[in-house]
Amino acid sequence: MIFLKRIRQYRVYRRLVLSYLLLLTVTITLLSFILYSMFSARAVQEIDRSSKQMLAQVSYTANVVYDQIQDVTGQLLSDNEIMSFLYAKTDSKTVDYTANLFLNRIQGVYPFIKNLSVYNFTTGAYIDSLGLQPDPNIATADGTNTFGFYPRKVDSVTGKTSYRLLTFKIIPERSFAETPASAIVVDLDESYIRNTMRNLSGSAKDSLTFVMDASGTVLSHSNPEYFMADYASEHDYVRDILADTDGQGSFVRNLDREKYLVTYIKSSNLDWYFVSVRPYAELISNIYELRNWTILVVVLLVLAGAVTSFMLSGNIYNPIRTLLDKVNSTGGPPTATALMRYDEYEMLTEAFTEKIEMAKSMESTIDRSARALKDSYLALLLKGNANKIAVSAEMKREWESRLNGPCLTVILFKIDRYAAFREQYDSYNRGLIRFAVSNIAHELLSRSCRSDVANADEDETALILQSEQPLHEDHLHLVLGEIQDAVHHYYGIGLSVAIGDPCGAVSEIRDSYKSAQDCIESRLFLGHGCLASRTTMHRAGTEQAPRYPSAIEKKLIDAVKLGRQPAIRTHVSEFKAYLTGCTYTSAMQYTNFLMLGIIKEFEYITEWWGVDADQLYRTLDEFRAVETLEDIEQMITALAARIVDMLEENRKNTTVAKNAKLIEEIQQFVREQYAEHGLSLEAAADHVGFSAGYIGKLFKSMTGSTFNDYVTHIRMEEAKTFLAATNDSVAHIGERVGVYNVPYFTTLFKKKYGMTPSQYREQAAKEQDPV
């Protein structure tokens, strides 16, 4: 047969047949599986829904019981006889008798309550309505909680009757430090919950229904023998139920090699789980017969699909073979052996993919090269060197045609505090930020005019604006201010902006750029974030440049020699004010002269006292990064302060030892008294016989930290030791180190070590016992 021959010889034909066959097979199988699953799942959902309704009714009954227990507790706490019993200081038979009568009356109203009892731990008195022995765990279990619950088995006084009770314990007054003074206990009969579940669930064969608490302990079971059994440790599906945070759900699980449907719901009040476990086979009686019929129908449909696959694939191969002959390098039809060895689809794909990739690569390379050349051209155009770029005249004409104005203006953006910017970011990230700045500026300026970006130098970005007429400066200032705000908001970087003079031709763009550079020099006087133009740039106070202020230099040097910090700041401010009347060039020259004069005057200390000369000459390196008069003021003030410190250090060498001994005595005092809650700077100052203000300043200057920070450091270090070595509570450890407020202690510990005390204790335990 022809189709069998094609299958043996032609790979593409085989793939077509197999593809159709696989598609039909998968489709039929998937459709049948979906229909079967939908039917069985719908049936299981109905069973699951009915189980949840039953469990919800049981849960509702339990919640009603819980509410009534609260009502009973409220009645007991509002009764004078019960309150007299609970808070009696001595044992009184009369009080016990009247309280017992009230308990019996209350129990008669609520039949589901098996027993009511009250405890007075002060007198040791105990009364109940059923005649049971007092529970010895009442006084100790959960002593700090006002409400508690636990199941228990208890025998009667005669020992002939055993009760399964769900015990609710109420502590009238909560105490954090002492044993509770009294307690009220309400015992619910476990059979009440079991009978309720049995009445609602009916007689499902082999089904289990039980109630458990949040720890997996069985509170009620359709089989009473499992009362108080630990299901969490015995059954995996119980642990899955407890781990679910939704509060209700269902799933199918294999238990004892048989499939079961597990349905559960959680009580909102009691934190109980009501669980139903039903055999899956009983949910749908004919589910296995339905599965067999489904498989038979699938097989028949697959056979029919195989025939259809051969019919659909019969005429597809001929066009593919014709196309392959055209791209085959031999020019003739391949032999059957070649067709078995080569994949026709792969050969066609490689032929077309190669051509497409070559075209895309060439297009991408051309685009990148064109953008790079354009950026280089614009950068050279700003500096008047556009003729140095090696590109065709046609490309230059195309780029220059885009700068057709007729009014061209260069806007120059300078990054403020560029020295700090270079230290904070590497070259790659600096490039990304400059690119982002140019994009933001281009986007906002393009709203009112055309613009092109030209990155001239590393610390600046320039935009060439094109408009029909000179831009209105007030409107331009608003847009540039918006750009500064956007860059500062997104990147925390300040920008200073200069507006160049407008020009009317491409050849004059260099002059506009030069004027923008002249304007940006006004940043020295206007400060960071300035907007400078010909109308707003700084101008010297007089037409004739002032002379160098030698008198200010002399007064400043004299103040440094005398170590008078206020006078130093005054003379530096005087020098700064003098610079405001100078030109940019004069201001920079005079600043350099002043620093050289100061360094020359005090250079002798580098030889006499063995001081590193770099400490003086370092300021000259810092001068290169000066951008504003404030930077100059800070730089000169820092240089003067550095020299004053050198002079003072030589004078104070004799007192350093005394101060160090005093600080050591204070630190020893803190290490001995850190557990005292009232430890303060005043107490330490009294200990060494000095004032608190003097000790505070001395401690800060000698240790680099404040007295309170040192006390906190010692306390937290001791707390680490107690957390790792003891099992004491966090509150107790906080008291041991002098911090009685637990949240404040936790805050201090986390701020210092990056984790809470509990997390540190867990980490220390893992390090001590890596297994």
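A: Happy to! This is a predicted model.

Q: Okay, where is Glu 627 found?
A: Glu 627 sits in the loop between helix 22 (614–623) and helix 23 (629–651).

Q: And what does Glu 627 touch?
A: Leaving out residues up to four places away in sequence, Glu 627 touches Ile 415, Asp 416, Arg 417, Tyr 418, Arg 523, Leu 524 and His 528. Its side chain also reaches the backbone nitrogen of Arg 417 at 2.7 Å.

Q: Switching to pockets: what volume does the largest pocket have?
A: About 340 Å³. Among the 17 residues lining the largest pocket, Lys 414, Arg 523, Tyr 584, Val 626 and Glu 627 are the closest to its centre.

Q: Nice, Glu 627 again! How many of the lining residues are charged?
A: Seven are charged, alongside nine nonpolar and one polar.

Q: New topic. Which residues touch the most other members in the largest nonpolar core?
A: That core has 37 residues, and those touching the most other members are Leu 76, Ile 82, Leu 116, Val 118, Phe 168, Trp 272 and Phe 274.

Q: Which element gives the largest share of this core?
A: Helix 2, with eight residues.

Q: What is Leu 76 in contact with?
A: Setting aside neighbours within four places in sequence, Leu 76 is in contact with Ile 82, Met 83, Phe 102, Leu 103, Ile 106, Leu 116 and Ile 184.

Q: And what does the second core include?
A: The second core is separate and has 32 residues, including Ile 663, Phe 707, Tyr 710 and Phe 749.

Conventions:
Residues numbered from 1 in each chain as written. Predicted model: local features only at pLDDT ≥ 70, side-chain atom pairs only at ≥ 80, totals over all residues. Heavy atoms only, no water. Core = buried A, V, L, I, M, F, W, Y, C linked by side-chain atoms within 4.5 Å. Buried < 20%, exposed > 50% of the residue type's maximum accessible area, 1.4 Å probe, protein only. Helix = DSSP H or I, 4+ residues; strand = E, 2+ residues; numbered from the N terminus. Contact = heavy atoms within 4.5 Å. 1 Å grid on protein atoms, 1.4 Å probe; cavity = no way out; pocket = protein on both sides within 12 Å on 5 of 7 lines; lining within 4 Å. Points joined across faces, edges and corners; volume = space filled by probe spheres on them. Nonpolar A, V, L, I, M, F, W, Y, C, P; charged D, E, K, R; others polar. Polar contact = N/O pair within 3.5 Å; in protein donor to acceptor, adjacent residues only side chain to side chain.
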